[in-house]
Amino acid sequence: MTAPDGERRWAVGLPLAVGALLVLVWDLSVRLSGNEIYPKPHEVVAGIVELARKGLLVKYVVASLFRVTVGFGLALLVGIPAGLLLGWFHRLYFAFNPLIQVLRPISPIAWIPLAILWFEVDDRAPIFLIFLASVFPITVSAMAAVQNIQQVYIRAARNFGLGRLELFRRVIFPATLPQVLTGVRIALGVAWLVVVAAEMVAINSGLGYLIIDARNAGKSYHLVVAGMVMIGLIGLGLDLLVRRLERFDEVRWGYGR
Amino acid sequence: MSAGPAVRVSDLWVSFPGKGTNGAIRVLEGVSFDVRRGEFVCIVGPSGCGKSTLLNVVAGFLPPTRGTALVEGEPVRGPDPRRIFVFQENGVFPWLTVRQNIEFGLHRRSGADRAALVAHYVEMAGLGGFEDAWPRELSGGMKQRVEIARALAAGPDVLYMDEPFGALDFLTRLKMRSDLVRIWQEERKTILFVTHDLEEAVQLADRVIVLGPRPAGVRETVPIELPRPRDLDSPAYLAARDRIFAAMGVSVRVGGEEPRVRSSP
């Protein structure tokens, strides 16, 4: 979405104003309630600073991002080829689509007991859960993208004598990329959503761990909210990053005007 | 190349399985014609008569129910880079630049060959200066030029064109037609061109094949023996046009009789 120059100032100013208003309401309501357990905004900021000073902020953010990177990376490696193949070969689709549709609605959280059973207490359990959370949206979007591909591209490619592998590399992959990228963006959001839940079990680092640990320590609700704020900000950053990919000329044609 | 015709269609039948109990939909029945090497042939017919189906069969995208299509003496068994199809809707790849699109069929050529061919066809199709543009930045007419350049660069013997200018505005269409004829005169490819626009057929073709309504057969073949460049006002052009109109069973007059003006006594 592009806004005319005059509008751009509003596009920055308005959300900042809404944010400031919200912080003000938060601060006032905590003061008025007189309840000590709820943190005030400045205490949350102090909490983040405190974490940063102890070196924990970087450590936890890196730990969480590492798990998302590995789990999500594996999901890309599996999901995109699998989706493209399932979309192209009808018999593969017939064979596996029902299975995918049954597994897809199972929340990754439901897999936590099995994940712990399989991987015990280490990084592999949350990585597995993040993989599970993101592999289905990626697979399904790649599959749908191939099924919706404009037939005229396939026919033109065949006409120029492309073999099957070339057809995949030079036409099917680039033709589906815009839609696949949208699936990737959604999946990354889900992966980040799940990292917190995944870190709440049997792990001793990460932003999810921070939240549970601070709660268990009692009286540290400013750190709970600090964790929440960090998760929100990093999630926003990840989404902006993937949105940037959508601006490349190779995929921009796929997103309308 | 063999000595026979570039394209020979003999007793071609096509029918599609119908929905429900309606039985098969018969599209083409007993279509036969030849196209000489280097000839520009237009196929016209009422809309829905199976012109595009016919082109899809000779291009190898659709197997006929009965009969054969031969190109350069060989039966058509599938799409082949020796005969390139120019599509009605947009067949230009939007993820490639103009240059990359034109290069698309040249994957077996060396780099130097490729660059030379691209330069040649960019020039011929009037795309100079647009080599690095993306399709979404081009007008409909320019995109169609890219598609024609891409087809020619692959070095086919035959071009199949399925209403390639159908989506363009009137003036662009006129310009594209005259450019296509110029390109054809330079390249001397065999062209089989489907259109529903009878004027277009008369402006372009050496010969016009008129199909009847579905299930279609060849109703008439009209040679257009007019010198090029064709003068669209000349009596010879108008006579040729009227012959096609007559073959299609279309009147060249628009509207009914005017009510007779009564003079007051």
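**View 1. B:M142 is a partly exposed residue of this predicted model.** Let us start with one residue of chain B. What makes B:M142 count as partly exposed? Around B:M142 there are 19 other C-beta atoms within 10 Å, and a residue is called buried if 20 or more lie within that distance, so B:M142 is partly exposed. B:M142 sits in helix α4 of chain B, which covers residues 140-153. To place B:M142 along the chain, look for B:L96, 46 residues apart from it. The C-alpha atoms of B:M142 and B:L96 are separated by 15 Å.

**View 2. Chain B is divided into two parts, domain 1 and domain 2.** Domain 1 brings together the stretches 1-82, 158-166 and 176-250, while domain 2 takes in residues 89-155. How far apart do the C-alpha centres of these domains of chain B lie? The distance between the two centres is 25 Å.

**View 3. Here domain 1 of chain B touches domain 2 of chain B.** Nine residues of domain 1 are in contact with eight residues of domain 2. Which helix gives the most to the domain 1 side? Helix α5 of chain B, residues 170-187, does, with five residues. On this side of domain 1, six residues are nonpolar and three are charged, with no polar ones.

**View 4. An open sheet of six strands belongs to chain B.** Follow the strands across the sheet of chain B in the order β6-β7-β8-β3-β9-β10 and you will find mixed pairing. At the edges are β6 (83-86) and β10 (218-223) of chain B, each pairing on one side only. On average, neighbouring strands of this sheet are turned by 15 degrees against each other, with direction ignored.

**View 5. Strands β9 and β10 of chain B run antiparallel.** In general, the strands of a sheet pair through backbone hydrogen bonds, in either a parallel or an antiparallel way. In chain B, five bridges join β9 (residues 207-211) to β10.

**View 6. Chain A has helices and no strands.** How many helices are there in chain A? There are 11, and from the N terminus on the elements read α-α-α-α-α-α-α-α-α-α-α. The C-alpha atoms of chain A fill a box of roughly 75 × 55 × 30 Å along the principal axes. Among the 257 residues of chain A, 33% count as buried. Of the contacts in chain A with a separation of 6 or more, 73% are between residues 24 or more positions apart.

Key: Residues are numbered from 1 along each chain as its sequence is written. Chains are lettered from A and ligands numbered from 1 in the order in which they are written. This is a predicted model: local features need pLDDT of at least 70, side-chain atom pairs count only at pLDDT 80 or more; totals for chains, interfaces and linings use all residues. Helices (H or I, at least four residues) and strands (E, at least two) are DSSP runs, numbered from the N terminus. A residue is buried if 20 or more other C-beta atoms lie within 10 Å of its own, exposed if 12 or fewer, and partly exposed in between; C-beta atoms are placed from the backbone. Two residues are in contact if their C-beta atoms, placed from the backbone, lie within 7 Å. Two strands pair if DSSP finds at least two bridges between them. Axes are lines fitted to C-alpha atoms, for helices over the stretch in contact, and angles run from 0 to 180 degrees between N-to-C directions. Domain bounds come from an automatic or database domain assignment. Ala, Val, Leu, Ile, Met, Phe, Trp, Tyr, Cys and Pro count as nonpolar, Asp, Glu, Lys and Arg as charged, and the others, Gly among them, as polar.
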